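Thanks for coming, everyone. Let me put the structure up, and then we will walk through a few local features.

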Amino acid sequence: MRKSWLIPAALMAAAPLIAQPATAADKTLTVYTYESFVAEWGPGPKIEAAFEAECGCDLNWVGVADGVALLNRLKLEGENAVASLVLGLDTNLIAEAKATGLFAAHGLDTGAISVPRDFSDDVFIPYDYGYFAVIYDSDSITTPPASLKDLVEGNADEKIVIQDPRTSTPGLGLLLWIKSVYGDDAAAAWEQLSGRVLTVTPGWSESYGLFTSGEAPMVLSYTTSPAYHLVVEETDRYRAAEFEEGHYLQIEVAGLLANAPEADLARQFLDFMMTPGFQNHIPTHNWMLPAAAVSEPLPEAFETLVSPEKSFLFTPGEVAQSRAAWIEEWLGAMSR
């Protein structure tokens, strides 16, 4: 322990003028992510506490509406972004994100990561994955759609809430899911489906809130969403409809910004992200599937979930090449 009472008073008075080296506790790691990740019930607060205990730093989350909004914000801010990391893009956006020149290679060993399709990348590291699904209220719908065809052609009185593909990664996922199944007939499918759409929200949180408040009996979400209701609310009322064509896969990723104010701290976080200290909070707080090992078994509720035998996933390059045109197609069909 420093005995300050032994230091002469004159030196004590001058001490504030002497520059002190920065310590880990003086450093702040700013991470851009989406709102539901940093919500009180999301994984953000627990991950923040766990990482800060390890790094001795301050972790500052900055939340935006949804994943696509993250990329839009980065394009607007460019090299002036205050973050060191972005967490919440997915594989559908990474080619476009790389094209901005705003990201840097992580340079880390990602051998701990295990996701479908054996996805790996030198810039972006997966932290979870899941499959998009139509979640329905079994108190309102006794015969849920068994396919995308059923959803598109079904009873227009049974409404669904979806997300905007221009701002939301789930919204973009549905766009790509319908394109995967319908191909050149996607516009006609969207035009027919539009009669069942109650509203289109900017992000997932708004749409799921409308669904659980009873505004619509269906919502676009994930096959893992019912696990929340089983574990937290102890109800099986909200269920995922299993589609015979298959479900669209989402792999969520994090990436280091090239102008990161705290690049070393950001890489430390990416390393931490691949450990149980981070991954343990994904299944029961982000309600997705972990991309690396956890230190305890998943709750039994996860064994009851829809587990797609077939899945769809466009390559990042395919999405980057066609996303703008497919969104224009969606806008045209939904406005007819």
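I start with C57. At 8% relative accessibility, C57 is buried. Buried here means under 20% relative accessible area, exposed means over 50%, and partly exposed is in between, with a 1.4 Å probe and protein chains only.

Before going on, the ground rules. This is a predicted model, so local features need pLDDT of at least 70, side-chain atom pairs count only at pLDDT 80 or more, and totals for chains, interfaces and linings use all residues. Residues are numbered from 1 along each chain as its sequence is written, and side-chain values use heavy atoms, with hydrogens and water left out.

Back to C57. Which residue does C57 join through a disulfide? The partner is C55, with S to S at 2.0 Å. The rule for a disulfide is a pair of cysteine sulfur atoms within 2.5 Å. By that rule the count comes to one disulfide. The link of C55 and C57 is left-handed, with -80 degrees about the S-S bond. C55 counts as buried too, at 10% relative accessibility.

C55 leads us to a helix pair. Helix α3 covers residues 44–55, and helix α11 covers residues 263–273. Helices (H or I, at least four residues) and strands (E, at least two) are DSSP runs, numbered from the N terminus. α3 and α11 pack at an angle of about 120 degrees, with their axes 11 Å apart. Axes are lines fitted to C-alpha atoms, for helices over the stretch in contact, and angles run from 0 to 180 degrees between N-to-C directions. That angle makes α3 oblique to α11. The classes are these: under 35 degrees is roughly parallel, over 145 roughly antiparallel, 65 to 115 roughly perpendicular, and the rest oblique.

The crossing of α3 and α11 is right-handed. A crossing is right-handed if the near helix is turned clockwise from the far one by less than a right angle, and left-handed if anticlockwise. Who makes the contact? On α3, the residues are I47, A50, F51, E54 and C55. On α11, they are L265, Q268, F269 and F272. Contact means heavy atoms within 4.5 Å. By class, that contact has seven nonpolar, one polar and one charged residues. Ala, Val, Leu, Ile, Met, Phe, Trp, Tyr, Cys and Pro count as nonpolar, Asp, Glu, Lys and Arg as charged, and the others, Gly among them, as polar.

Next, helix α7, residues 169–182, with two partners to discuss. Take helix α8 to begin with, residues 186–193. The axes of α7 and α8 come within 9 Å and cross at roughly 125 degrees. α7 and α8 are therefore oblique to each other. Their crossing is right-handed. α7 brings L174, L175, I178, K179 and Y182 to the contact, and α8 brings A186, A189, W190 and L193. The class count is eight nonpolar, no polar and one charged.

Now helix α14, residues 316–334. How do the axes of α7 and α14 cross? They come within 11 Å and cross at roughly 90 degrees. That makes α7 roughly perpendicular to α14. From α7, the contact uses L172, L175, L176 and K179. From α14, it uses V319, R323, W326, I327, E329 and W330. This contact has seven nonpolar, no polar and three charged residues.

On to backbone angles. Most residues other than glycine have a negative phi. R117 has a positive phi of about 65 degrees, although it is not a glycine. D118 has a positive phi of about 50 degrees, and it is not a glycine either. R117 is in the loop between β4 (103–104) and β5 (124–137). D118 is also in the loop between β4 and β5. R117 is partly exposed, at 47% relative accessible area. D118 counts as exposed, at 69%.

G246 is in the loop between β9 (238–241) and β10 (247–257). G246 is buried, with 4% relative accessible area. Leaving out residues up to four places away in sequence, G246 touches W177, K310 and F312. G246 and W177 are 69 residues apart in sequence, but 9.1 Å apart in space, C-alpha to C-alpha.

N286 lies in helix α13, residues 282–286. Is N286 buried or exposed? Buried, with a relative accessible area of 11%.
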